[in-house]
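The stops below are intended to be visited in order.

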Amino acid sequence: MTDDAVTPDRIDALRTRIAELMPGLRQDLEALTRIPSVSLDAFDQSHVEASAEAVAALLRAEGLAVEIVREGGRPAVIGHVDGPEGAPTVMLYAHHDVQPPGKDEDWDSAPFEPTEREGRVYARGIADDKAGVMAHIAALRAHHGTLPVGVTVFVEGEEEIGSDSLPTILERHGEKLRADAIVLADSMNWGIGEPALTTTLRGMIRVVVTVRTLDHGVHSGMFGGAVPDAIMALARLLSTLHDDEGNVAVKGLKSGEAADLEFTEEQLRTDSGLLDGVHTIGSGSLLSRMWTKPSITTIGIDAPTVSQASNTLVPQASAKISVRIAPDEDPAAAYRLVTDHLKAHAPWNAQVDVHLDESGAGFAADAQGPVYDQARAAFTDAWGTPPVDIGVGGSIPFVAAFAEKFPEAGILITGVEDPDTRAHGANESLHLGEFERVCVAEAVLFERLGTLKKG
C-alpha cells in the first residue's frame, strides 16, 4: 500500500456523486430489466442478444473498449479501460441472463415491467443480476475520466443455465480478464443495512435416479401385493437419503461448520416461508446446515399424474435430486458416494440407474490480504458498519473456475440481494436503498484499490 490515504472528504464526494447518479442508474436498470433475457432454450434467444447489446452500449458510453464474444453459447460482453500506470486492474463480473418468470398469476405485477412498492422495485432479473451489472456501471460513472484503477468488465450471458461456455471463454479470452482483484457481483448481503462478503459457497451435483421393477405396466388388482411398483420403490429409496432427524445419510460426504452469526429459527421461517407446525430438519447450527453441510432435495419426479393415473403397477419412475456439498468437497467424489448409496439401498432389489445431470465445485476463500482489507473498508464506508463474512448454501460454480484460472487474484463475492429479494421466485425485487449503498461501496473500492501498487 502507498502512503496515499482515501480521505473522508473523498468518500463523501463519491457518496454524493452516486446519489446524483441514482435517477439515471435506475432508469438504465429498469430499461435493461424490461428485456426478457431468459437464456433457457425454450425462450426467444433474440432477447438475450438484445440484452448483450444493451450492456455493451452502457459500457461503451463509459469509455470502455467493448466486444461481444460467443464461444458456443450465449453472448458475453467484455469491456476494458486502462487505469493509471502502475495501478492494479479490477475485473468486474455480472450476468445479463435471467431465470424464467414462471406463471404471471404468481406475480403481483408484470414480471418484466419494473414496479416500485414500498422502497423495492419488483421484476424478474432486477436483482439477479441486472442490478449487479448496473452497480459496475455506477462505479465507472462515479469515476468517469479519472479512474484510479484499470477496469475490465465481464458480463456473462448464460449463468442461469450453467455457464457451459465459460471454460472456453476463459481459455480463449482469459488474458483479457486477468486482474489483481476480481469482483463477482452475484451474491447477497446479510440483511438490509448489514453488508456481507461471501467467503464460502457450497458445491453441487444434480442427478437423475431411475427405478425399474417391471418390463411393462400390469393390473394393480391382479398383481398388487406380490409385485412392487416403481413409484413405491422410488419413494422408499429416496427416504434412505436422510436419517430420522433429516440429516443427509450418505456416508462419506464432507461436512463443515459455518461462521458464528446470529440466525434464529424465527428468521428462517420468515425468510423461507416454512409453514406453521412444520419442523426444520437436520442437526447442528442452522447456518451450518445451509452453508457448509451437505443437503439433498428431490426437485422433480417423472411418474403418471394423479389426473391421468390408471389402476396399473407403474414399471418405471425417475426423480431429479439436487445435492449441495461442502465448499471443499470434490463433486466427482460426491457423485460416486451418492451413486453407491442409491444402488446399495435399492428396495426389493429393484433396478436402479443413476445419471449425472450437472455438477459444480464449491468455493472457500482465504479472505485475508490487502484486497480484502480494502473491500471491508469500502463496505464500512458505504454502510457505516463493517461487513460480516457469510456463506451461501446455493452454488455458483463459475467462482471456482475464476479461482482456478486466476489463483493470484483477490476474489470478492458481493451482490445486491437481501433475504427478501426472492431471486428465481415470483415477485423478485431490489431494495433501492441497498442498491445505492452497493454502488457507493464499489465506487469507494475503486478508490481504495487505487492506493495499492502492483507488485
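This is a predicted model: local features need pLDDT of at least 70, side-chain atom pairs count only at pLDDT 80 or more; totals for chains, interfaces and linings use all residues.

Residues are numbered from 1 along each chain as its sequence is written, and side-chain values use heavy atoms, with hydrogens and water left out.

**Backbone features**

Select Asp128 and Asp129 to begin. The peptide bond that joins Asp128 and Asp129 is cis, with omega at about 15 degrees. Asp129 belongs to helix 3 (residues 126-142); helices (H or I, at least four residues) and strands (E, at least two) are DSSP runs, numbered from the N terminus. As background, most peptide bonds are trans, and most residues other than glycine have a negative phi.

Next, select Glu118, in the loop between strand 4 (115-117) and strand 5 (120-122). Glu118 has a positive phi, near 50 degrees, although it is a residue other than glycine. Is Glu118 buried or exposed? Its relative accessible area is 80%, so Glu118 is exposed; the classes are buried under 20% relative accessible area, exposed over 50% and partly exposed in between, with a 1.4 Å probe and protein chains only.

Asn427 also carries a positive phi, near 60 degrees. Look for Asn427 in the loop between strand 17 (410-414) and strand 18 (429-431). With 8% relative accessibility, Asn427 counts as buried.

Move on to Ser165, in the loop between strand 6 (150-156) and helix 4 (166-177). Ser165 counts as buried, at 5% relative accessibility. Which residues does Ser165 touch, not counting residues up to four places away in sequence? They are Glu71, Gly73 and Glu158, where contact means heavy atoms within 4.5 Å.

**Aromatic groups**

The whole structure contains 9 aromatic pairs. Rings of Phe, Tyr and Trp (its six-membered ring) pair if their centres lie within 6.5 Å; planes under 30 degrees apart count as stacked, over 60 as edge-to-face and the rest as tilted. Select Phe398 and Phe402, an edge-to-face pair with 6.0 Å centre to centre and 85 degrees between the planes. Phe398 and Phe402 are separated by about one helical turn because they are 4 residues apart in helix 11 (residues 397-405). Phe398 is buried at 3% relative accessibility, and Phe402 is buried with a relative accessible area of 0%.

For a charge over a ring, select Arg117 and Tyr122. Arg117 lies over the face of Tyr122, at 3.9 Å from the ring centre; the criterion is NZ of Lys or CZ of Arg within 6 Å of the ring centre and within 35 degrees of the ring normal.

**Strand 8 and its partners**

Select strand 8 (residues 196-201), in which 6 of 6 residues are buried. Strand 8 pairs with strand 16 (residues 388-392) in the parallel sense, over 5 bridges, where pairing requires that DSSP finds at least two bridges between the strands. Val388 of strand 16 is the bridge partner of Ala196. With strand 15 (residues 363-364), strand 8 pairs in the antiparallel sense over 2 bridges, and Ala364 of strand 15 stands opposite Thr200.

**Helix 9**

Now select helix 9 (residues 331-344). Its buried residues are Pro331, Ala333, Ala334, Val338, Thr339, His341 and Leu342. The buried residues of helix 9 pack against strand 9 (203-212), helix 6 (230-239), strand 13 (316-325) and strand 14 (351-360).

From there, select Arg206, in strand 9. Leaving aside neighbours within four places in sequence, Arg206 contacts Ile299, Lys320, Ile321, Ser322, His355, Leu356, Asp357 and Glu358.

**Nonpolar cores**

Finish with the largest nonpolar core, of 67 residues, in which Ile18, Leu59, Val77, Val151 and Phe435 touch the most other members. A nonpolar core is a set of buried Ala, Val, Leu, Ile, Met, Phe, Trp, Tyr and Cys residues joined through side-chain atoms within 4.5 Å. Apart from it lies another core, of 33 residues, including Tyr93, Phe154, Ala179 and Leu287.
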